[in-house]
Amino acid sequence: MRCEIRVEGELTRALSEAFPELDSCVVSDETVLFGRVTDEAQLYGLLVRCRSLGLRVLEMRRLPE
């Protein structure tokens, strides 16, 4: 599945590099992380990584294939 995770603010390069499996872009003071996720375990792992890095997740959604 493909997913999109929106976090508050613009990520630094180091924070963006903490998500090598996802692409990112900045839209209206939010960073959008997006890409293919193999299963729910990987998705939950990404959300845990966001939390451990102190990122505020604003939205997570599944994208159409």
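**Exercise 1. Determine how many disulfides the model holds, taking a disulfide as a pair of cysteine sulfur atoms within 2.5 Å.**

Solution. The count comes to zero disulfides. The model is predicted, so local features need pLDDT of at least 70 and side-chain atom pairs count only at pLDDT 80 or more, while totals for chains, interfaces and linings use all residues. Residues are numbered from 1 along each chain as its sequence is written, and side-chain values use heavy atoms, with hydrogens and water left out. Taking C3 as the next step, its closest cysteine sulfur is that of C50, and the 9.6 Å between them is too far for a bond. C3 counts as buried (under 20% relative accessible area, with a 1.4 Å probe and protein chains only), having 1% relative accessibility. C50 is likewise buried, at 0% relative accessible area.

**Exercise 2. Work out the strand order of the open sheet and state which strands stand at its edges.**

Solution. Strands here are DSSP runs of E with at least two residues, helices runs of H or I with at least four, both numbered from the N terminus, and two strands pair if DSSP finds at least two bridges between them. The four strands follow the order β2-β3-β1-β4 with antiparallel pairing. β2 (23-27) and β4 (57-63) each have a single partner strand, so one side of each is left without a neighbour in the sheet. β2 is joined to β3 (residues 30-36) by five bridges, and V27 has E30 as its bridge partner in β3.

How values were computed
Buried means under 20% relative accessible area, exposed over 50%, partly exposed in between (1.4 Å probe, protein chains only).
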